[in-house]
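This report describes how the chains of one structure meet one another. Please look first at the sequence and the model shown here.

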4 protein chains.
Amino acid sequence: MTTQRFGAGIWHFATYLDRYATDGYGTPRSVIEAIDLAGQVKDLSVVDINYPFFGGDFSNAQVKEALDRNKLGVIGITPEIYTREFVKGSFTNPDAGVRRRTHELVTEACDQVRYFGADYVKLWPGQDGWDYPFQVDYGTLWKHSLDGVGQLASENPDLKFVIEYKPREPRVRMSFGSVARTLLGIEKIGLPNVGILLDFGHAIMGGESAADSAQLAIDYGRLFGMDVNDNYRSWDDDLVAGSLHPIEIFEFFYVLRKNRWEGVWQLDQFPFREDSVATANHAIDFLKAADKGLEALDVDALKEAQSRHDAIGALKIAQKALFGAM
Amino acid sequence: MTTQRFGAGIWHFATYLDRYATDGYGTPRSVIEAIDLAGQVKDLSVVDINYPFFGGDFSNAQVKEALDRNKLGVIGITPEIYTREFVKGSFTNPDAGVRRRTHELVTEACDQVRYFGADYVKLWPGQDGWDYPFQVDYGTLWKHSLDGVGQLASENPDLKFVIEYKPREPRVRMSFGSVARTLLGIEKIGLPNVGILLDFGHAIMGGESAADSAQLAIDYGRLFGMDVNDNYRSWDDDLVAGSLHPIEIFEFFYVLRKNRWEGVWQLDQFPFREDSVATANHAIDFLKAADKGLEALDVDALKEAQSRHDAIGALKIAQKALFGAM
Amino acid sequence: MTTQRFGAGIWHFATYLDRYATDGYGTPRSVIEAIDLAGQVKDLSVVDINYPFFGGDFSNAQVKEALDRNKLGVIGITPEIYTREFVKGSFTNPDAGVRRRTHELVTEACDQVRYFGADYVKLWPGQDGWDYPFQVDYGTLWKHSLDGVGQLASENPDLKFVIEYKPREPRVRMSFGSVARTLLGIEKIGLPNVGILLDFGHAIMGGESAADSAQLAIDYGRLFGMDVNDNYRSWDDDLVAGSLHPIEIFEFFYVLRKNRWEGVWQLDQFPFREDSVATANHAIDFLKAADKGLEALDVDALKEAQSRHDAIGALKIAQKALFGAM
Amino acid sequence: MTTQRFGAGIWHFATYLDRYATDGYGTPRSVIEAIDLAGQVKDLSVVDINYPFFGGDFSNAQVKEALDRNKLGVIGITPEIYTREFVKGSFTNPDAGVRRRTHELVTEACDQVRYFGADYVKLWPGQDGWDYPFQVDYGTLWKHSLDGVGQLASENPDLKFVIEYKPREPRVRMSFGSVARTLLGIEKIGLPNVGILLDFGHAIMGGESAADSAQLAIDYGRLFGMDVNDNYRSWDDDLVAGSLHPIEIFEFFYVLRKNRWEGVWQLDQFPFREDSVATANHAIDFLKAADKGLEALDVDALKEAQSRHDAIGALKIAQKALFGAM
């Protein structure tokens, strides 16, 4: 019996706004309120926390206290390098001053990782990239991406840095846009403490098979984290995991398990219009079913079918295991 | 020589926020400030104004004064039926109270149309639709869409109502999602004062050929308005018109002109990271070149090529006219 | 207990070629051989047959005999209005002679429908449309589409005609491209014997929610047929039903059942590299599970959740019913 | 003044078939006939030739003679590792015998490269990949991809091998699917004579900015070839270059020129329904205009705008240069 642990980005329990509902999809919540909601989810062990803390001026101790009373640990800290200051880029901003400010903010996030005993600094450079043809010099942009991450990683060898790639949004084209591009960059940086956080939804919206992406990142020793959600394959809808593509997400978990990858299964969902606790619970119920499904999977028969690239045979085995567990 | 008039949504001159840059892509601006920026654009005649007015508590007279000093007319009023109150739907909200509130807000917008002497009330029910399979009863949802619009149109026979369809965003699936779906709905409503506002970008992100969509709406006598922008065909990026798909936008204008459709050519761009006046000027320069290109177009030769479905021949004629004018 | 009947396009049991594997994905098969393969599938009752018959010069009697020995009926006849003669269009060909030839071929197919006692002539005008901007006059093209279908329907009032819409392929843009566009056209034709054949895969590749498309077609009294398969939402991959999007296909069946739509559940799969009998069997196993799932569905609870647009609540009910049945 | 050379895949001058028009979009042509058509194109210097030769049993000498009389050189040889024998994969086929046969066929193609004095063997493993989740073991598949290419490259150190990546088609998911994935693989192979052939259309259908892809491949010293065409960004339509995305293709050429990349500008178009010579001529006219546009481009002003990521400023400069040249 496995004892799979589950986690979530703390923003799962915030409320959201967008360019139309500028007054938000609900009343604003502070990070403390979000943690208290996270605490209501069954079987949630850890959270990833944005830095600076949202919704008020809280000390580390206050956040720690909220986490403790909800029996939650911290898996990662996500510095907000995508807010107003950084809308023309964080690591790749044309202004050297903003690039420095990015470095400072992430450096502060490093201290938060140390304070909370988290596993990693999560880098999600959502504003790094371009919108139009001819807008940027691609070589310079990519160099700035790698230099920025590389400098932080070399200055903080005691910490792990994970890059969460995504094809687009908010930037129309993001520089760390696919699993392979990110691995290329990480290999160029050449440091042991830089890896990938693989978001299932980002992979499928980019036309990747997430399970293949996971295998590739694992083969390079760079899969440091993951999270799940679902979408209609063309945009990061951040819907509840398992709602649209249960078989592909099951395959993603299968590849992790097969490679003895033992990290946390995290949620990165944005329940704009749904109850956030109910949404998280429903997702974790699906994840537990997938976990049970992996126990039930006839791995030998699956491998035999795969050795012949027998799609229907393999699918039958996988569907039986997953759906039987639900 | 034509004397084509140009317009823009007043939000073109606002600043934006999204779910990541929650503090905004710039300091907030009031509708008055936006109007003063619009006034700096060369050759802008009219604007479409959101209601309620953003950025402060302004009277109609104050807005009128700002418009007058910038020599701008009002083409349409866009009631904000997509803010917090309406995030689970406006016309299709499951709560009858919110549906009533939608009706009230649009009714207020009708008075604004009368006050400003605008051409129409613009309905953009961006939250009407669904996110997940099984979430809604589709028949009921569609009925609510048509009932809501139909009631307003029949109560205000002196006004025109335009529906701006869009496949998605903010709702993952929008009920008025394509030109044909919207025409079906309008025919069902059966009133003369309901039409379509065709957004070039919404058409191409939905896999439509915008020129074909325009022809169809015109053939039903329902093309009441239009606006342009550009995107990478999978999301409503609202980039500057002509930046990515100059030939298709030129064809769109060609179909309008060919049918003697003489409305305003409007901009619906969101310059998140660009200067809004420069972006509008650049777009209007492109629109003027397209206008000149239409004058230069060898229409007889084009029609002859089209009568044979001769793609290369037709393209050659169109490219020559457009690029020669730029 | 329902007694759902199942069908398949006979091409499911053919072999294929494409622009790269020009020598085909397997040795060619005649329609007779395909029928004999179809006969090996468990629980297949009817097939849709291409006309002219492929793979040889067979008489109706020979085809009938093959069907009889395999206990198969004919649900539809699909005239091949998309082969070499028609690559620049069938109903919309710029050459009036080819438009006439289209009419003749479909008229011959009408006699086949009568001979085999099939339910309908299936029209799939895959070459009608355009590839490039400026290539065609959209108004003329659409008129030809409607005139061509309308003439056939009025000349053969004893028969039903179904239009299978599809966004694209082989034509880059197809004229009958979406459910709403096709319904608009059918309403314009205004005859009772023209309807839609809704292909689940065509709907989702066009960004439709297939269940919504079905409801709309039913509300217009125009859903005359359907078939299923699966794809990655951007192209008509014609993969095995249920392999990627089991929940959405289940919702599609739910909407049919809810509206007491009692037609055949057909397969339109192209097992390029798989065994065609095994692929059909696997799909029908899934369809039977979906059928059982509909029996198990707590419809009252679902409707209650839908009345509140409660996505998570509704999804939970649907997943339980479907997965419990598998 | 540059003296840019132009080329084309010889299949540009063939006729095609697909899974619907199984009798083809025109009467079959032999490679000799195709070469004679290619010879009618103005300013075509070289062709890429499929091996085995299509349409008959021709000797090298016969092909050479046809090339000579049309004053055409050979830039590359494309072994047909995607026909019936290879539909379940070439380098990645589950059957070791087929993998060996792939090796043999490509080895024969090497001799053709030597015979014709071509620049490279082009590898386009269009059948290598998967269609369904769970179908393959991704690690094994990728290893086979790299082993297969690596063995050939090490056995033929006198030749260059170019991999033409593509996201999909005919395989639903291709193993060499993006520029970054292919570079990762090439770096792993670690031989100097393996590079990329970058197809503009494959890049944009995969959501890449082709100019960025080119810069990346150049920075790794791996851009060995390129070709152009156009499409609607979601499928490899292989339409005429410049018809839909003139600005992005101009940017692609700009990045090549800026890096002093001096290879042939090739066409990879499939004029299914168009005259192939007219289509090639129209494309080359566009390419020449782009070439002239590069001469006219105000590079200093462009670089200055790019140093500020000034999208509108940069676009203005680029549009002026391109459109002024047309």
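Predicted model: local features only at pLDDT ≥ 70, side-chain atom pairs only at ≥ 80, totals over all residues.

## The interface of chains B and A

In this interface, 44 residues of chain B are in contact with 44 residues of chain A. The area buried between chain B and chain A is about 4200 Å², and carbon and sulfur atoms give 53% of that area. On the side of chain B, the residues that lose the most area to chain A are B:Arg19, B:Tyr20 and B:Arg273, which together account for 22% of what that side buries.

Charged and polar groups also meet here. The rule finds 10 salt bridges across the interface of chain B and chain A. In one salt bridge, the side chains of B:Asp238 and A:Arg19 meet at 2.7 Å, N to O. There are also 32 residue pairs in polar contact across the interface of chain B and chain A, both residues being at pLDDT 80 or more. The side of chain B that touches chain A comprises 19 nonpolar, 9 polar and 16 charged residues.

## The interface of chains C and A

Chain C also touches chain A: 21 residues of chain C are in contact with 21 residues of chain A. Between them, chain C and chain A bury about 2000 Å², with 65% of it on carbon and sulfur atoms. In chain C, the residues C:His282, C:Ile312 and C:Phe323 lose the most area to chain A, together 30% of what that side buries.

Across the interface of chain C and chain A, the rule finds 0 salt bridges, while 7 residue pairs are in polar contact, both at pLDDT 80 or more. Helix 8 (246-258), helix 9 (276-296) and helix 11 of chain C each give two or more residues to the side that touches chain A. The largest share of that side, 6 residues, comes from helix 11 of chain C. By class, the side of chain C that touches chain A has 11 nonpolar, 6 polar and 4 charged residues.

## An aromatic pair between chains

Over all chains, the structure holds 80 aromatic pairs. One of them is the stacked pair of A:Phe323 and C:Phe323, with 4.5 Å centre to centre and 10° between the planes. This pair joins two chains, because A:Phe323 lies in helix 11 (residues 311-324) of chain A and C:Phe323 in helix 11 (residues 311-324) of chain C.

Methods. Residues numbered from 1 in each chain as written. Chains lettered and ligands numbered in written order. Heavy atoms only, no water. Contact = heavy atoms within 4.5 Å. Buried area = accessible area lost by both parts, 1.4 Å probe. Salt bridge = Lys/Arg side-chain N within 4 Å of Asp/Glu carboxyl O. Polar contact = N/O pair within 3.5 Å; in protein donor to acceptor, adjacent residues only side chain to side chain. Nonpolar A, V, L, I, M, F, W, Y, C, P; charged D, E, K, R; others polar. Phe/Tyr/Trp six-rings, centres within 6.5 Å; stacked < 30°, edge-to-face > 60°. Helix = DSSP H or I, 4+ residues; strand = E, 2+ residues; numbered from the N terminus.
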